[in-house]
Amino acid sequence: MKLTLEFGGGLELLCDSVKIHNVDLEPENGEKQLTMKHLLSWVRTNLIKERPEMFMKGDSVRPGVLVLVNDCDWELSGQLDTTLEDKDVVVFISTLHGG
Amino acid sequence: MKLTLEFGGGLELLCDSVKIHNVDLEPENGEKQLTMKHLLSWVRTNLIKERPEMFMKGDSVRPGVLVLVNDCDWELSGQLDTTLEDKDVVVFISTLHGG
Amino acid sequence: GPATGHGLAPDMIYRYSRQLLLPSFGVQGQANLLKSSVLVIGAGGLGSPALLYLAACGVGRIGIVDHDVVELNNLHRQIIHTEAYIGKSKVESAAAACRAINSNVEIVEHREAFRTTNALDIVRKYPSFHAYKLPLVSGAALGLEGQLTVYNYNGGPCYRCLFPTPPPTTACQRCSDSGVLGVVPGVIGCLQALEAVKIASAVGDPLSGRMLLFDALSARMRIVKIRGKSAQCEACGDKAALNERQFQEIEYEIFTQTPFSTAPLKLNL
Amino acid sequence: GPATGHGLAPDMIYRYSRQLLLPSFGVQGQANLLKSSVLVIGAGGLGSPALLYLAACGVGRIGIVDHDVVELNNLHRQIIHTEAYIGKSKVESAAAACRAINSNVEIVEHREAFRTTNALDIVRKYPSFHAYKLPLVSGAALGLEGQLTVYNYNGGPCYRCLFPTPPPTTACQRCSDSGVLGVVPGVIGCLQALEAVKIASAVGDPLSGRMLLFDALSARMRIVKIRGKSAQCEACGDKAALNERQFQEIEYEIFTQTPFSTAPLKLNL
Ligand SMILES: [Zn+2]
Ligand SMILES: [Zn+2]
């Protein structure tokens, strides 16, 4: 399943400063569908190169990180239980403050 | 076939000042596919309420109007020969000047 | 004339004529704007363009809150300040710039930081104040990115609906500590002014329940759908004690060391 | 120090420190900017924020072309001008504002309209000028909408690639004749300054081959893909006689009574 993953608001610094990652991954053994829960753990293992605590807390993202699946807050699609489809775009963005 | 048609840059004034039109239309008799050529003539008949010369010239749009199919210039998809699919978004926008 | 009953003097009709000509804004939108009050928190990178545009377009009363003085390394992005004001109060400098553009606007100067301890005092100086109905236009610009959304608008989410748990303070960089390209807060500050004008004039659809994400380097701009108001929200939900908690959001932002930047609060809508 | 060889004096290092701190901009981006020249055509709604930000962030040399004087009904959107300059030259007013923000920038005043007859003369005053390589940051704001794109950039399309046939003059409204909400040109003018800064500093991906469409009322912003350079283009294509035709684009815009507004032209990239 081909996904586009984007990191912003400083989170790209955790993945070698690369903002856009085109990845190809499959559901876990025994599962039929790929969920956000599985994607998060895959991202932590495969893309996050430093300070993983700035990306995750427990099995979800840390407070202050917005997760968007096809430009919609994952809160609207079931958070960790959101199922992904081919060509979905998932954005992880840390909220900024100041200016 | 459900399409979203958007008018901007002043062209909405030709259609009762409504910018977004959700329409449902089928290919012409005998045709298998719906082309931009057919859509333009449908728009002229059904949506344009005044000054059609500000929208069309001959069987295409007047100079200065950009046509976008799913956020891409129709020049890149074959202009009048572009074939449309269900849920496509077509934007007609008159280019602005000044400020 | 078209301004009958709206109290627009002839010089105002001339000054704002290009806005009065707009069918979807017009005399009613301008009259609403002239009666409105906006409080801008911070006369820095975001506040600079926001204040200039709010004053120029005819907001009736503008409060400016900031405790800083102008420094040379502000000037690359804080375009409301000039070299002549280096070392002087940002509020004084910004107020002078707003008055020079539009002497009809009332400018209220608050030369202090916006903190839990004085937030209510500052906001209470504005008449017809209803804390629990206070729209907040929240913007941020850091490095080469910007973000913008509207909180507390017409049944939309508040800051704490979106972020029920405070982010770790280490996650909150500020542009005074890190880099920012000058014009990035310019873009976001202008968009903040626009949202404040839309709310104050009661024209258009404010960016509530949506968030704008801006990436300057790649020239990308996306507007995403965010969650709505949460019934469980501690600050604004069904069980929240509004009287006591109406400023929790403000406390919250102060707590995380990340004061909201330009935050025009629309009063007396 | 990090500035060795880039000729940044200590006060410049302090002034631009927040930009120097940016890894993707840094000393090289700032040094490029300080050596660059930008010509801004029109000190009006778009030119106001563009000029303030170009001066603030450290463009080396800024030309301003305009023949108008400041009028009261400009002030709702042309935030570079103050009431004190009503009746005076817009170029004089804008130049004073830019110098007050950044006395290190060289400001060149052209108190004349930008016309076919003087376009070459104005642009030739800039050294190392190559007309056929002149990026043009083209913006427009009218009513509650704005548009932005970059022409002539690095193999991208020119204006005439996009519009081979002139639009009818009746289709070209101008904001001096019709309405415009003050902060709409603010948003577009800031974005124009940003694109000019990216081109001048050689950082990031300019908005070439793409166009930004902005709808203020609904808070919608889309960036669309437009056609590329046309080999058949009369102005820039394979058969175009560049020597004679390098200013056809400019003539073209004048012909249609729609001078391009803020048009920072990057020279000597
Ligand atoms: Zn809430
Ligand atoms: Zn061309």
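Is D:Glu112 buried, partly exposed or exposed, and at what relative accessibility? In this predicted model, D:Glu112 counts as partly exposed because its relative accessibility is 26%, a value that falls between the limits of under 20% for buried and over 50% for exposed residues. The residue is placed in the loop that runs between strand 3 (106–110) and helix 6 (116–124) of chain D. When neighbours within four places in sequence are set aside, D:Glu112 is in contact with D:Val65, D:Asp66 and D:His67, and also with D:Asn118, D:Ile122 and D:Lys125. The C-alpha atom of D:Glu112 is separated by 9.9 Å from that of D:Ser89, a residue 23 residues apart from D:Glu112 along the chain.

C:Cys158 lies in the loop between strand 5 (145–151) and helix 7 (159–162) of chain C, whereas C:Cys233 lies in the loop between strand 7 (220–225) and helix 9 (242–245) of chain C, so the pair ties together parts that are 75 residues apart in sequence. Both of these residues, C:Cys158 and C:Cys233, are buried.

The interface of chain C and chain D was then considered. Between them, the two chains bury about 5400 Å², of which 65% is on carbon and sulfur atoms. Of the area that chain C buries against chain D, 14% is supplied by C:Arg18, C:Tyr53 and C:Ile79, which is more than any other three residues supply. The contact takes 65 residues from chain C and 65 residues from chain D.

With regard to polar interactions, 24 residue pairs are found in polar contact across the interface of chain C and chain D, with both residues of each pair at pLDDT 80 or more. The count of salt bridges between chain C and chain D is two, and the side chains of C:Arg15 and D:Glu83 meet in a salt bridge with an N to O distance of 2.5 Å. On the side of chain C that touches chain D, at least two residues each are supplied by several elements, including helix 1 (10–15), helix 4 (47–57), helix 8 (183–201) and strand 6 (210–215) of chain C. Helix 8 of chain C gives the most to this side, with 10 residues.

Conventions: Residues are numbered from 1 along each chain as its sequence is written. Chains are lettered from A and ligands numbered from 1 in the order in which they are written. This is a predicted model: local features need pLDDT of at least 70, side-chain atom pairs count only at pLDDT 80 or more; totals for chains, interfaces and linings use all residues. Side-chain values use heavy atoms; hydrogens and water are left out. Helices (H or I, at least four residues) and strands (E, at least two) are DSSP runs, numbered from the N terminus. Buried means under 20% relative accessible area, exposed over 50%, partly exposed in between (1.4 Å probe, protein chains only). Contact means heavy atoms within 4.5 Å. Buried area is the accessible area (1.4 Å probe) that two parts lose on being put together, summed over both. A salt bridge is a side-chain nitrogen of Lys or Arg within 4 Å of a carboxyl oxygen of Asp or Glu. A polar contact is a pair of N or O atoms within 3.5 Å; within protein, one must be able to donate a hydrogen and the other to accept it, and residues adjacent in sequence count only if both atoms are side-chain atoms.
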